[in-house]
Amino acid sequence: MNDSNQPKALDVLIIGAGFAGLYQLYRARKAGLTARVLEAGDDVGGTWYWNRYPGARCDVESLDYSFSFDKDLEQEWTWSERYATQPEILRYICHVADRFDLRRDIQLRTRVTRAVFDEQAKRWTVETRAGESSGAQFLVLATGCLSIAQAPDFKGLSSFAGKWYHSADWPKEGVDFTGKRVGLIGTGSSGVQMAPLIAEQAEHLTVFQRTANFSVPAQNEPLDDQAVRDAKASYPERRARGRETSNGICLEANDQSALDVSDEERLREFEFRWRGAGGGFRMLRAFNDLLINEKSNEHAANFVRSKIRAIVQDPRTAELLCPKGDLPFGTKRLCVDSGYYETFNRPNVTLVDVKAAPIEEVTLRGLRTSEGEHELDVLVFATGFDAMTGALRAIDIRGVGGVALREKWEHGPRTYLGISSAGFPNMFIIAGPGSPSVLSNMVHSIEEHVDWVTRLILHARGSSRSLVAAGIQAENEWVHHVNEVADRTLYPRGNSWYVGANIPGKPRVFMPYVGGVPAYRNILNDVANDGYRGFALS
Ligand code: NAP
């Protein structure tokens with residue numbers, strides 16, 4: 001940031017220092033561009049900086065959820081578990097920042113509030129909460145898909161005598177639940193991960209569940225020396241295989257319909273994917289039509305329900321934990337857990353159905369539902385995020401003619417390829433709405449976007465063009481395509497954050513691109529090979 005409040009002649013300004021911002025900085029520098037990152041947190045890490053709640057770990061295996069751009073980095077970093085914990089992922093991100101000397105171009109503790117495009121100068125100027133400003137020819141929004149926490153506005157929260165926390169803004173020093181009566185609100189991925197750990201420490205844990213979610217066991221385990229050696233020796237093949245799967249993760253897919261096999265065979269496949277060698281998102285790949293065929297989907301849903309009933313000893317609690325109604329399996333983000341359902345067999349854990357008896361208010365002593373008061377010392381919100389668009393809408397972004405992105409996206413996000421939005425030239429979104437993003441291995445999709453955007457910038461520069469603008473027709477066609485592909489699946493049916501259903505008043509639009517990582521890559525390649533079709537370079 002400059003001292004005189006005058007915009008600096010920077011090529012690329014990047015907002016956010018998570019996986020995306022760090023890699024964009026690295027790639028820009030390699031390309032000979034001057035770049036700088038502004039980051040709100042007081043260290044790098046993005047989502048892995050903020051989400052420090054007990055049990056936080058990635059639901060994609062570490063060997064996939066890691067950078068592939070540097071072969072030496074792959075060899076020198078050793079993951080200790082199949083699914084890395086938040087502290088280990090944060091250490092990895094810090095290692096990347098240090099190893100590639102990225103920190104000298106990262107300004108921490110800097111919350112960007114506004115970004116304005118100057119049509120004359122063809123440059124962006126951003127303003128920060130502290131009143132500083134900075135400018136660059138290109139603006140890259142590496143602001144993350146799950147970075148604006150959503151804490152429900154419960155009546156009476158300020159009167160609560162105990163402490164409360166949100167999963168996405170967890171204190172660095174941790175929280176000691178020993179001897180406490182804890183209320184956990186939310187049973188998505190965050191709540192499902194933290195419940196077992198809180199239960200081990202707290203005097204009592206009450207889980208307030210509004211909608212039962214499908215969760216499958218991670219089957220997490222330490223990676224022993226041999227597993228690490230094998231993984232390091234086979235990284236190129238693993239990455240290559242991952243890139244050819246629909247979500248960019250190296251998982252075995254079964255290319256059969258769930259309806260084309262016998263009951264025994266179907267059960268055997270589901271069991272294989274639930275147990276030791278399986279685990280996690282492998283369940284979604286048990287058959288090729290789980291997310292497009294209602295009947296196939298119901299087989300998977302019934303299998304998971306049968307597991308819940310077998311694990312949870314109290315039949316009433318088991319029934320409450322079984323997802324029901326119009327929630328096809330996997331259409332809300334599938335939770336990946338370590339001992340979630342087993343937690344409800346502990347004598348110090350209670351499940352409360354807040355769909356039947358809604359939360360009315362937080363009181364001095366706890367939380368009141370329509371059925372009565374629960375006395376609590378600590379409240380934990382695992383209530384999710386204003387996903388995919390929240391972080392972009394949190395910045396007052398003004399494009400051509402002073403048009404606000406917030407207004408343009410009033411009825412849902414509109415992008416060309418999930419990368420650019422018409423009327424906002426020289427601005428790129430990494431893993432934005434309209435790209436595979438959250439439906440894919442984020443690190444893979446981030447690398448792909450950053451590489452593509454950097455090549456586009458170099459292409460523009462190489463042909464002496466200073467303006468890169470997505471065309472409105474290309475954008476309209478892309479938005480249509482994204483919806484059309486989503487509508488061929490069961491995804492839009494789930495009341496999930498994928499469609500903005502968790503935020504009151506948010507337009508219901510299926511935001512990520514469900515066409516799959518390989519198909520999307522082909523489209524990106526075609527667009528580039530066709531002279532960046534759909535973009536005007538001037
Ligand atoms: P989430 O999936 O949106 O879950 C939020 C939970 O809070 C839901 O159970 C929701 O109930 C409940 N809730 C919200 N407002 C409520 C209210 N007023 N009263 C009662 N309950 C309320 O959020 P999340 O668990 O933080 O996960 C978000 C995403 O982050 C995940 O889907 C995943 O992509 C990512 N994540 C990943 C990992 C991982 O890698 N393992 C871990 C954590 C998060 P309803 O369902 O009824 O709305």
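The following exercises, each with a worked solution, concern a predicted model of a protein chain.

**Exercise 1. Overall form**

Determine whether the radius of gyration of the protein chain agrees with that of a compact globule.

Solution. 
Step 1. The chain has 538 residues, and for a compact globule with this number of residues the radius of gyration would be near 24 Å.
Step 2. The protein chain has a radius of gyration of 23 Å, which agrees with the value for a globule.
Step 3. For the extent along the principal axes, the C-alpha atoms fill a box of roughly 70 × 55 × 45 Å.

**Exercise 2. Secondary structure, contacts and burial**

State how many helices and strands the protein chain has, what share of its residues is buried, and what share of the contacts between residues at least 6 apart in sequence joins residues at least 24 apart.

Solution. 
Step 1. The protein chain contains 16 helices and 20 strands.
Step 2. Of its 538 residues, 58% are buried.
Step 3. Consider the contacts between residues at least 6 apart in sequence: 73% of them join residues at least 24 apart.

**Exercise 3. Surface and charge**

Describe the accessible surface of the protein chain and the mean positions of its charges.

Solution. 
Step 1. The accessible surface amounts to about 21800 Å², and carbon and sulfur atoms account for 48% of it.
Step 2. The chain carries 63 positive and 69 negative charges.

**Exercise 4. The surroundings of Tyr 23**

Locate Tyr 23 in the secondary structure, decide whether Tyr 23 is buried or exposed, and identify the residue whose side chain forms a polar contact with that of Tyr 23.

Solution. 
Step 1. Tyr 23 belongs to helix 1, which covers residues 19-30.
Step 2. The relative accessibility of Tyr 23 is 1%; a residue counts as buried under 20%, and therefore Tyr 23 is buried.
Step 3. Beyond its neighbours within four places in sequence, Tyr 23 is in contact with Phe 67, Phe 69, Ile 446, Glu 447, Val 450 and Asp 451.
Step 4. The side chains of Tyr 23 and Asp 451 are joined by a polar contact of 2.6 Å.

Definitions and conventions
Residues are numbered from 1 along each chain as its sequence is written. This is a predicted model: local features need pLDDT of at least 70, side-chain atom pairs count only at pLDDT 80 or more; totals for chains, interfaces and linings use all residues. Side-chain values use heavy atoms; hydrogens and water are left out. Helices (H or I, at least four residues) and strands (E, at least two) are DSSP runs, numbered from the N terminus. The radius of gyration is taken over C-alpha atoms; the globule rule is 2.2 Å times the number of residues to the power 0.38. Buried means under 20% relative accessible area, exposed over 50%, partly exposed in between (1.4 Å probe, protein chains only). Contact means heavy atoms within 4.5 Å. Accessible areas come from the Shrake-Rupley method with a 1.4 Å probe; for residues, only the protein chains shown count as cover. Lys and Arg count as positive and Asp and Glu as negative; His and the chain ends are not counted. The place of a charge is taken as NZ of Lys, CZ of Arg, CG of Asp or CD of Glu. A polar contact is a pair of N or O atoms within 3.5 Å; within protein, one must be able to donate a hydrogen and the other to accept it, and residues adjacent in sequence count only if both atoms are side-chain atoms.
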